[in-house]
Amino acid sequence: MGYLELTGIQKRFGTTFAVEDFNLVAERGEFVSFLGPSGCGKTTTLRMIAGFERPTAGRILIDGVDVTDRAPNKRDVGMVFQSYALFPNLTVADNVGFGLKVRKRSTEQITKRVDELLQIVNLPEKGKRYPYQLSGGQQQRVALARALAFEPQVLLLDEPLSALDAKIRVALRHEIRSIQRQLGITTVYVTHDQEEALSLSDRVVVMSEGRMEQVGTPFEIYNFPSTAFVASFVGTLNVLPGVVTDLAAGGVTIAGQAVRIARGFHGQPGGPVTVALRPEMVSLGSDDALGANHLTGKVTDVSFLGSIVRIRVGLGEGGPVVVLDEFNEPTLKLPQLGETVTISFPEEGPLVLDAKAPLDSVEALIAEA
């Protein structure tokens, strides 16, 4: 038995299912992220855990206690909203201590707990300030401290960093993870940012159209996606059309060029398959390692992305394009646009998806899912 359990959860609005057959068991102290595009049901699921939405079907248990029909203020759950939702007329200290005051704690207890939390969120000198006197990142820390003040059993975070700029987001997510580990609190985090989900979580739940597509560790989700949607949504992906030549040996042609795929797959000789390949699995040049696959094409684009250089290679006239990443360093020799090059990748690199998966772009695959 887990600490937080969702069994057969459904949420229907009229005839439309916002969430369908959601099942999850989270252990005490585990950090679980709900990841998916807008409208996939992740926030609705979070709101059902919080008690702001009531499931159409299913049960929610916290530490073995059924809280499905309990009001939000009876669930012992802390929530951090995307919009901070701080009281503008209260000081930082009063915002953090608000929940304790509602619970009739003594002034001494409130003061002690507020001081502890302001230390934890690195705002020990800001207690007398008002929210408008703080930066966005500081306001979000205050919202986190307020949610933790009454020592909830479960912490819920609904895209808490989406309104912040990139550098502050990175810094604050590390702080959130550090605080969560320090306190050992079971946490559910909603985000559409795959990097956030992969870097923060013990496990990730990938969602699409109200359904759970896959649940697993960040390593499993990225390296062993179980559906075409997960493979496309998590990370950058090359989606290439192929034709089966030898099913037993893993033989496939891509743009008429033969490759071998070590992972087993289903298909028929002469039938179509969709080959997925991560950019970091592909290298520029002819790799002579045993079992390496080679493809030849022309460079169509070279883009600088800071620490990496992203190169696009077109396979034949009007054929598919393979994206590959090279680490940017001073001695890197870049190909010229239009230059004919060979690219290589190991037999273990590709993953064969359902043949019906869209072929033109990752965006098309996500949109169809």
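**Note on the predicted model**

1. The charged end of arginine 278 sits over the ring of tyrosine 222, at 4.2 Å from the ring centre. A second case is arginine 103, which lies over the face of phenylalanine 150, 3.9 Å from the centre of that ring. A charge is said to sit over a ring if NZ of Lys or CZ of Arg is within 6 Å of the ring centre and within 35 degrees of the ring normal.

2. Residues are numbered from 1 along each chain as its sequence is written, and side-chain values use heavy atoms, with hydrogens and water left out.

3. The protein contains ten helices and 20 strands. Helices (H or I, at least four residues) and strands (E, at least two) are DSSP runs, numbered from the N terminus. The C-alpha trace spans about 75 × 50 × 35 Å along its principal axes.

4. Of the 369 residues, 49% count as buried. Buried means under 20% relative accessible area, exposed means over 50%, and partly exposed lies in between (1.4 Å probe, protein chains only). The protein exposes about 17600 Å², and carbon and sulfur atoms supply 51% of this area. Accessible areas come from the Shrake-Rupley method with a 1.4 Å probe; for residues, only the protein chains shown count as cover.

5. Among contacts with a separation of 6 or more, 66% join residues 24 or more positions apart. A contact means heavy atoms within 4.5 Å.

6. The mean positions of the 36 positive and 43 negative charges are 10 Å apart. In this count Lys and Arg are positive and Asp and Glu negative, whereas His and the chain ends are not counted. The place of a charge is taken as NZ of Lys, CZ of Arg, CG of Asp or CD of Glu.

7. The aromatic rings deserve a separate point. Rings of Phe, Tyr and Trp (its six-membered ring) pair if their centres lie within 6.5 Å; planes under 30 degrees apart count as stacked, over 60 as edge-to-face and the rest as tilted. By this rule there are seven aromatic pairs. One of them joins phenylalanine 31 and tyrosine 189, whose ring centres are 5.8 Å apart and whose planes meet at 35 degrees, so the pair is tilted. Because phenylalanine 31 belongs to strand 3 (residues 31–35) and tyrosine 189 to strand 8 (residues 186–191), the pair ties together parts that are 158 residues apart in sequence. Phenylalanine 31 is buried, at 0% relative accessible area, and tyrosine 189 is buried with a value of 0%.

8. Helix 1 (residues 42–50) is largely enclosed by the rest of the structure, because seven of its nine residues are buried. These are Lys42, Thr44, Thr45, Leu46, Met48, Ile49 and Ala50. Glycine 51 follows helix 1 and has a positive phi, near 100 degrees.

9. Leucine 118 lies in helix 4 (residues 107–120) and is buried, with a relative accessible area of 4%. Not counting residues up to four places away in sequence, leucine 118 touches Val92, Val96, Leu123, Pro124 and Gly127. Its C-alpha atom is separated by 8.6 Å from that of arginine 141, which is 23 residues away along the chain.

10. Glutamine 139 is placed in helix 5 (residues 136–148). This residue counts as buried at 17% relative accessibility. Neighbours within four places in sequence aside, glutamine 139 is in contact with Tyr84, Leu86, Pro131 and Leu134.

11. Phenylalanine 265 is found in the loop between strand 13 (257–260) and strand 14 (272–277), and counts as buried at 13% relative accessibility. Beyond its neighbours within four places in sequence, phenylalanine 265 is in contact with Val244, Leu247, Gly250, Val252, Val273 and Val352.

12. Two backbone angles call for comment. Most residues other than glycine have a negative phi. Aspartate 63, in the loop between strand 4 (57–62) and strand 5 (65–66), has a positive phi of about 55 degrees although it is not a glycine; this residue is partly exposed, at 40% relative accessibility. Glutamate 151, in the loop between helix 5 and strand 7 (154–158), has a positive phi near 55 degrees and is exposed, with a relative accessible area of 56%.

Notes. Predicted model: local features only at pLDDT ≥ 70, side-chain atom pairs only at ≥ 80, totals over all residues.
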